[in-house]
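Hi everyone, thanks for making time this morning. Let me put the structure up, and then we can walk through a few parts of it together.

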Amino acid sequence: MNMKERVIKVLDELNLDAVLVSDGYNMRYISGFTGATGYLYVSRNRSVILTDFRYTIQANNQSQGFEVIEIGKGGYTAAINDLLDADQTKRLGFEDDHLLYANYSSLNEKLHKEEMVPVKDALTKLRIVKTADELEKIKMAEHIGDIAFTKILEVIKPGMTELEVAAYLEFFMKTNGAEGLSFDSIVASGVNSSMPHATPSNKKIELGDFVTMDFGCLYQGYCSDMTRTIVVGKASPEQKEVYNTVLKAQLAAMEVIRAGVIGKDVDKVARDLIDSTKYKGCFGHGLGHSVGLFIHEEPRFSAGENNAILAGVTETVEPGIYIKDFGGVRIEDLVVVTENGFENFTHSEKQLIEL
Ligand code: ZN
Ligand code: ZN
């Protein structure tokens, strides 16, 4: 099935005449248009990108087989209305988890006879299983992350700030082929590493600090995501114990990954392992998430994930232990699930590195 056929299958399932896509990632996935400003309209008769003057040439270049309509003075509402009339659409799907209430209201008010029907995540779900081409891009993005990690190890010195380390990481990613960041880099040292999503600060890295680096880049639109925690100087026995417990939890979880495994069961393996140690309760977030055009995609390795994970789904495996006033460790790899196991896209060293 080509992409349009897959969208039309969603129309069939939800008994819709057409769908109006507002989520930029879904728009890109379905049409190839990366402008992310505008709407994509797909019915059984027509596939249309509605955008403004700034993006019409780009949309025509990127989206073969899609009509491009430049919105006029009446804005999107008028353009969509004209399109619905011409196409005789009665039931129009919209992405209720994305379309802004203000835009929904103005559309819903102006439409005369059409009914707007929420499609929930029906289109986003098309993106769950990655194609071979998508996997190559994600793998390349993760490879760039591996390069950046190797290089940052030569740079980190006591006295550098977290912000400086983050800047170097980003420099190394961009000079090795990244087109941008997949999320704001996390560099957390010393006690700051006890906060899973700490923002890099002016804190200077000191001898004996844990330094957790969680970072990723974009390659041809696709995200990477990895985390490594190192010690600057010699690790204390306690630091080693925390680190090795996290590593053990990650490796144990990876043992059970294969197509068909239930998301929550993978999470449970890592959580049970950590909770069987004196660090019980110190792993306070989910084990993993999928990665694609967007950094946090479904399905997840988390307590709430009751779905079976299919082959071709990417997942991070990122257990952590966080101890207030002491510090924390997280180790994160990015894998793709296969019939018999997984392929790990992350190749950076996982034994504790003491700089
Ligand atoms: Zn991460
Ligand atoms: Zn992650």
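I'll start with the metal site, then go to a sheet, and finish with a helix.

First, the ground rules. This is a predicted model, where local features need pLDDT of at least 70, side-chain atom pairs count only at pLDDT 80 or more, and totals for chains, interfaces and linings use all residues. Residues are numbered from 1 along each chain as its sequence is written, chains are lettered from A and ligands numbered from 1 in the order in which they are written, and side-chain values use heavy atoms, with hydrogens and water left out.

The zinc ion (ligand 2) sits 3.1 Å from the zinc ion (ligand 1), and Asp-225 coordinates both. Asp-214 belongs to strand 9 (residues 210–215), while Asp-225 is in the loop between strand 11 (222–223) and strand 12 (226–231). Helices (H or I, at least four residues) and strands (E, at least two) are DSSP runs, numbered from the N terminus. Are these two aspartates, Asp-214 and Asp-225, buried or exposed? Both are buried, meaning under 20% relative accessible area, with exposed over 50% and partly exposed in between (1.4 Å probe, protein chains only).

Three strands form an open, antiparallel sheet in the order 15-18-19; two strands pair if DSSP finds at least two bridges between them. Strand 15 (314–317) and strand 19 (342–344) are at the edges with a single partner strand each, so one side of each has no neighbour in the sheet. Strand 15 pairs with strand 18 (residues 333–337) over 4 bridges, and Thr-314 has Val-336 as its bridge partner in strand 18.

Last stop, helix 4 (residues 75–87). Its 13 residues reach 19 Å from first C-alpha to last, close to the 18 Å expected, where the expected span is 1.5 Å times one less than the number of residues. Among the buried residues of helix 4 are Ile-80, Leu-83 and Leu-84. Just after helix 4, Gln-88 has a positive phi of about 55 degrees.

Thanks, and I'm happy to chat.

Notes:
Donors are N, O and S atoms within 2.8 Å of the metal (3.2 Å for Na, K and Ca); water is not among the atoms, so sites may look incomplete.
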